[in-house]
Amino acid sequence: MGSAAVYHLSKAGASVIGFDQHHPPHAYGSTHGETRITRLAIGEGAQYVPLVSRSHQLWRELEQQTGKQIFSQCGGLIMANQGNPFLAQTKASALEYSIPHQELSGSQISDKFTVFAAGPEVQGIYEPSAGFLRPEVAVESHLKLASKQAADLRFGERVKSWSASGGGYQINTDKGSYFCKKLVICAGPWVRDFFPEGRELFKVYRQLLYWFAFERNYQQFKQMPVFIWEFGASPDDFIYGFPAINGKQGGIKIATEIYDHPMSPDDFQRKATSEEKRKMFEQYIKPNLPGLMPAPLRTVSCWYTNTSDNHFIIDSPENHQQLLLVSACSGHGFKHSAAIGEAVAQWADKGSSEIDLSAFGLQH
Ligand SMILES: Cc1cc2nc3c(=O)[nH]c(=O)nc-3n(C[C@H](O)[C@H](O)[C@H](O)COP(=O)(O)OP(=O)(O)OC[C@H]3O[C@@H](n4cnc5c(N)ncnc54)[C@H](O)[C@@H]3O)c2cc1C
């Protein structure tokens, strides 16, 4: 979020200082692991469709400016059993915004995309405009352009505190003190350090990404769409994944979401344990994508920052109208980040954004 914000703020001519305790793109927060799913028919709610639609335009503009490939439109498939609310909302969003899509039965899914063992209970929605983004390339591109646009980017500098002062904000870092008229906080899983009164709003969870090698069907894995599959009744009965993008030896990335216990983003980022790897294969991979090998090639952990209703918070806390808290979180924020960066710049300039962000208020 921060890289898109500094890019759009500096593009709009604002005088910007951006701080990061690390050197982005990096692997310590929530924006690493090669790929992120993007889709227009948003199953989390139709209020997100304007943000992702604008982001799809902005990713293409960013690609043109940098010559880098950021957005691969390989199509996307949402699968679940009948009556699943995420599938129903995906369809509702597609219908409300006239997003081209196809409804598929379990047998149509297995015929069209042979890597999935989809039974008769499965229903799917295929969206050709969906695909995946390259988060590290996007972050690097936004930051390079922001720097060219004279944004002052200070990496390896940790913000220790902020306070209202003289009609603006005093920022204290481990290297100095600064004054700004407007403050945008995009701290990902560290958001609670900046907003202690809202600590109970955000819970941070470690999530694992796995890359599995092919036992067979490499070509089919290469040509498959991105997918999200809620295959059972429990909230943990969930996987999502991407086509093979790293060649025959590179495997494919598949992940689930586990909410066992909240952690701190400064906790050591462990790779998957043997038990986690075994469970991932036996419970999630083997029954659903039978052409993969049991032992993952590699694993990486990443932080989810969840609100209680899994919706974003993009708002100014009470008595801080010159401060914007941007927590586009709960494991589905990246696809919206380009438009959120643009909205931040509009907020800084005019006090509001063209895309209505009122659904993401602190009171929702
Ligand atoms: C495993 C995983 C899979 C996901 N899959 C998808 C997906 O498929 N599609 C999708 O749209 N979204 C997805 N998401 C969500 C998306 O990636 C995140 O919502 C988004 O990247 C969050 O970005 P952020 O800028 O808020 O956080 P971060 O990327 O964590 O950035 C926060 C930054 O703030 C800096 N910072 C924090 N505290 C300080 C401080 N005190 N001083 C200086 N700097 C500080 C950090 O160093 C960091 O660089 C996924 C997330 C994860 C973890």
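1. Burial comes first. In this predicted model, buried residues account for 43% of the 364 residues in the protein. Of the contacts between residues at least 6 apart in sequence, 70% join residues at least 24 apart.

2. Next, the overall build. The protein has nine helices and 19 strands. Its radius of gyration is 21 Å, close to the 21 Å that the globule rule gives for 364 residues, so the protein is as compact as a globular protein of that length. Along the principal axes, the C-alpha atoms fill a box of roughly 65 × 45 × 40 Å.

3. The contact between the two draws 15 residues from domain 1 and 13 residues from domain 2. On the domain 1 side, the residues that touch domain 2 are five nonpolar, nine polar and one charged.

4. Where does the ligand lie relative to domain 1 and domain 2? Both domains give residues to the shell around the ligand, so the ligand lies between them. The shell holds 34 residues. Gly29, Thr31, Gly188, Cys302 and Gly333 come nearest. By class, the shell divides into 17 nonpolar, twelve polar and five charged residues.

5. β1 (17–20), β2 (36–38), β13 and β17 (292–306) each supply at least two residues. Which element gives the largest share of the shell? Strand β17 does, with three residues.

6. Strand β16 (residues 252–255) deserves a look. Ile252 and Ile254 point one way from the strand. Lys253 and Ala255 point the other way. Which of these residues are buried? All are, the charged Lys253 included.

7. β16 has pairing partners worth checking in the viewer. Strand β13 (residues 203–214) runs antiparallel to β16, and four bridges join them. Within that pairing, Tyr210 has Ile254 as its bridge partner in β16. Strand β15 (residues 238–241) also pairs with β16 in the antiparallel sense, over two bridges. There, Tyr240 stands opposite Ala255.

8. One link between these points. Strand β13, joined to β16 by four bridges, is also among the strands that each supply at least two residues of the shell around the ligand.

Methods. Residues numbered from 1 in each chain as written. Predicted model: local features only at pLDDT ≥ 70, side-chain atom pairs only at ≥ 80, totals over all residues. Contact = placed C-beta atoms within 7 Å. Buried ≥ 20, exposed ≤ 12 C-beta atoms within 10 Å, placed from the backbone. Pairing = 2+ DSSP bridges. Near = placed C-beta within 6 Å. Domains from an automatic or database assignment. Rg over C-alpha atoms; globule rule 2.2 N^0.38 Å.
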